[in-house]
Amino acid sequence: MKMSVGQIVEIIYQDKSEKITQRKIEILGIRGGRIRATCLTTGAPRVFLADSILSWRPVAEKRHA
């Protein structure tokens, strides 16, 4: 299974200073090894390097109308 635009996933990510974080993101775009997303914890836009994602899984979010 691969990530796709519009999907909400939970990732474990290691940044360039080797800090490891876990967060839920909504994927906005994927291109050239970079994943543009919105962090659902902070609401901030972020760019993640695909090679720095240690683990990921899809999240079943309940959306309220």
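Predicted model: local features only at pLDDT ≥ 70, side-chain atom pairs only at ≥ 80, totals over all residues.

Q: What is the bridge partner of Ala37 in S4?

A: The general idea is that strands of a sheet pair through backbone hydrogen bonds, in a parallel or an antiparallel manner. In this structure, Ala37 has Arg46 in S4 as its bridge partner. Strand S3, residues 34-39, pairs with S4 in the antiparallel sense, over five bridges.

Q: How many residues lie between S3 and S4 in their hairpin?

A: Five residues lie between S3 and S4 in the hairpin. In the turn, Gly43 has a positive phi of about 80 degrees.

Q: In which order do the strands of the open sheet follow one another?

A: The open sheet has five strands in the order S4-S3-S2-S1-S5, and their pairing is antiparallel. Strand S4 (45-49) and strand S5 (53-58) are the edge strands, each pairing on one side only. On average, neighbouring strands of this sheet are turned by 45 degrees against each other, with direction ignored.

Q: How many aromatic pairs does the structure hold?

A: The structure holds one aromatic pair. Tyr13 and Phe48 form this pair, which is edge-to-face, with 5.0 Å centre to centre and 80 degrees between the planes. The planes count as edge-to-face because the angle is over 60 degrees.

Q: Why does the pair tie together parts that are apart in sequence?

A: Tyr13 belongs to strand S1 (residues 8-14) and Phe48 to strand S4, so the pair links parts that are 35 residues apart in sequence.

Q: Is Tyr13 buried or exposed?

A: The general idea is that a residue under 20% relative accessible area counts as buried, and one over 50% as exposed. Tyr13 is buried, as its relative accessible area is 7%. Phe48 also counts as buried, at 1% relative accessibility.

Q: Which residues make the nonpolar surface patch?

A: Ile12, Ile20 and Leu54 make a nonpolar surface patch of about 260 Å². Of these, Ile20 lies in strand S2, residues 20-31. Ile20 is exposed, because its relative accessible area is 51%.

Key: Residues numbered from 1 in each chain as written. Heavy atoms only, no water. Patch = residues over 30% accessible without salt bridge, like charges linked within 9 Å, V, L, I, M, F, W, Y side chains within 5 Å. Areas by Shrake-Rupley, 256 points an atom, 1.4 Å probe, with all protein chains shown as cover. Salt bridge = Lys/Arg side-chain N within 4 Å of Asp/Glu carboxyl O. Helix = DSSP H or I, 4+ residues; strand = E, 2+ residues; numbered from the N terminus. Buried < 20%, exposed > 50% of the residue type's maximum accessible area, 1.4 Å probe, protein only. Pairing = 2+ DSSP bridges. Axes fitted to C-alpha atoms, helices over the stretch in contact; angles between N-to-C directions. Phe/Tyr/Trp six-rings, centres within 6.5 Å; stacked < 30°, edge-to-face > 60°.
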